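Visitor: I have a chain open on my screen and would like to talk it through with you. Shall we start with a detail and then widen the view?
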Amino acid sequence: MSVYTESGTIAVIGAGLIGAAAAWQLARRGHRVTLIERATPAHDGGSSHGSARIFRHAYPDPFYAGLVGQARRDWDDLESEAQTALITRTDAVDFGVVRDVPRLAEVLAEVGVRHEVLPARAARERWPQIGFDTDVLWHEGAGVLDAAESVAAMARLALEAGAQLWTDWPVARVTEFGGRYELVAEDGRVLDADRVVVAAGGWLPSLLPNLPLPEGFRRALPPFAVHQEQTFHFPYRDGFAERTWPTIIHKSDAMQVYALPGGTDAGHIGQKVAEYGAGRLIRDASAGDRRVSSANRRRVTEYVERYLPGLSPRPYGESSCVWTVTPTEDFVIDCAGGITVVSACSGHGAKFAPLIGRVAADVATGHDIPARFRTGSALAG
């Protein structure tokens with residue numbers, strides 16, 4: 001059955017963090033928007049579920065560090081309009097022989113973020129729950145964002161501004177007819193739209209061949225690798241739950257680990273801890289099975305035992321998360337004709353969601369594409 005919408009409709013594929021943000025930004029500007037989701041917003045088969053993602057300013061690239069400050073203003077705008085808090089402030093610490101603390105401090109000074117570099121001993125005195133092994137960078141303004149609640153808030157605001165939300169609508173292909181686009185679901189249902197924003201996350205690699213994109217544009221896109229990552233929740237030891245726990249990024253020669261308060265995912269009784277980039281490569285998000293590697297569980301548990309004395313090294317919860325990664329870990333926002341392709345990914349995109357949604361809305365409505373996100377750009381991540 002065909003469903004032809006009114007002229008001027010923009011279809012947004014994917015109701016995760018980026019798709020919901022784009023739909024909200026477009027709808028609040030008065031555009032007719034249909035937000036399409038293959039399941040339900042922030043479902044646990046994708047990348048935008050759960051209550052705990054790190055919001056941080058520390059990047060070795062001034063572009064991204066500065067972009068976080070811009071994103072913070074968009075989060076403030078979203079929280080004000082939604083009348084709900086979505087980021088919980090914790091501040092942040094970075095350390096490890098592979099984490100370039102002097103460079104991070106230099107960049108934070110450049111973008112105007114208050115920070116401090118502490119010797120490991122002084123840092124252990126301030127945060128005895130963490131076993132620092134190098135100098136430590138602390139910076140303020142970091143925190144934990146609730147991904148699922150953020151999706152819900154942006155989708156709600158989009159609907160209140162007049163958008164439609166179609167769930168259980170997996171897009172199989174998009175075809176072009178006379179300057180308009182026909183979106184076909186896997187069961188044959190059809191939506192007609194003037195423009196399309198593709199924010200399909202872990203389903204992007206399988207959807208790309210089924211989009212009417214010029215071959216030159218398609219070849220210029222970076223490869224998108226999809227990984228099934230895994231996270232673990234460890235309970236606080238007695239006396240450590242009441243302490244202030246900053247978000248943690250620790251990069252050593254052996255492994256790269258991040259940790260943060262687990263939020264509602266962890267019942268507020270523990271920390272979410274994960275090894276960065278340790279998941280297995282999968283074809284796309286539909287191939288994920290949500291299984292957790294016993295070898296990775298053992299590695300992360302051993303890490304907690306050595307470096308996080310404020311936690312009991314016995315995980316009480318675990319989950320998997322799909323990540324889409326570009327070779328440089330940079331984002332892509334680009335368009336060809338009436339199709340805008342967005343992938344704000346690589347495990348660090350959540351903190352930029354409302355800003356990327358705003359940029360995607362700009363690009364979809366004819367504004368210039370930021371050079372740093374344009375297809376084929378070479379960024380230092």
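Visitor: In which loop is Gln 83 found?
Guide: This is a predicted model, and in it Gln 83 is found in the loop between helix H2, residues 62–82, and strand E5, residues 87–89.

Visitor: Is Gln 83 buried or exposed there?
Guide: Gln 83 is exposed, because its relative accessible area is 74% and the cut-off for that label is over 50%.

Visitor: And what is phi of Gln 83?
Guide: Phi of Gln 83 is near 55 degrees, a positive value in a residue other than glycine. Most residues other than glycine have a negative phi.

Visitor: What about Ser 346, what is its phi?
Guide: For Ser 346, phi is near 65 degrees, which is again a positive value in a residue other than glycine. Ser 346 is found in the loop between strand E22, residues 339–343, and helix H9, residues 353–364.

Visitor: Buried or exposed, that Ser 346?
Guide: Ser 346 counts as buried, because its relative accessibility is 1% and the label applies under 20%. Gln 83, by contrast, is exposed at 74%.

Visitor: Changing topic, where is Tyr 236 found?
Guide: Tyr 236 is found in the loop between E15 and E16, and it is buried, with a relative accessible area of 16%.

Visitor: Which residues does Tyr 236 touch?
Guide: Setting aside residues up to four places away in sequence, Tyr 236 touches Ala 241, Trp 245, Pro 261, His 268, Ile 269, Gly 270, Gln 271, Gly 310 and Leu 311. One of these is Ile 269, which is 33 residues from Tyr 236 along the chain, with 6.4 Å separating their C-alpha atoms.

Visitor: And Phe 240, which loop is that in?
Guide: Phe 240 lies in the loop between strand E15, residues 225–235, and strand E16, residues 247–251.

Visitor: So what is Phe 240 in contact with?
Guide: Leaving aside its neighbours within four places in sequence, Phe 240 is in contact with Pro 128, Gln 129, Trp 245, Pro 309 and Gly 310. Trp 245 and Gly 310 are therefore contacts of Phe 240 and are also among the residues that Tyr 236, which is buried, touches. From Phe 240 to Gly 310 the C-alpha distance is 5.7 Å, and the two are 70 residues apart in sequence.

Visitor: What share of the residues counts as buried?
Guide: Of the 381 residues, 57% count as buried. The chain exposes about 15,300 Å², of which carbon and sulfur atoms supply 48%. Among contacts with a separation of 6 or more, 74% come from residues 24 or more positions apart.

Visitor: Which residues does the UniProt domain annotation cover?
Guide: The unreviewed UniProt entry carries the annotation "domain: FAD dependent oxidoreductase", which covers residues 10–362. Over residues 10–362 the chain is 28% helix and 29% strand, and the end C-alpha atoms are 12 Å apart.

Notes: Residues numbered from 1 in each chain as written. Predicted model: local features only at pLDDT ≥ 70, side-chain atom pairs only at ≥ 80, totals over all residues. Heavy atoms only, no water. Buried < 20%, exposed > 50% of the residue type's maximum accessible area, 1.4 Å probe, protein only. Contact = heavy atoms within 4.5 Å. Areas by Shrake-Rupley, 256 points an atom, 1.4 Å probe, with all protein chains shown as cover. UniProt positions renumbered as here; feature names shortened; annotations may be inferred. Helix = DSSP H or I, 4+ residues; strand = E, 2+ residues; numbered from the N terminus.
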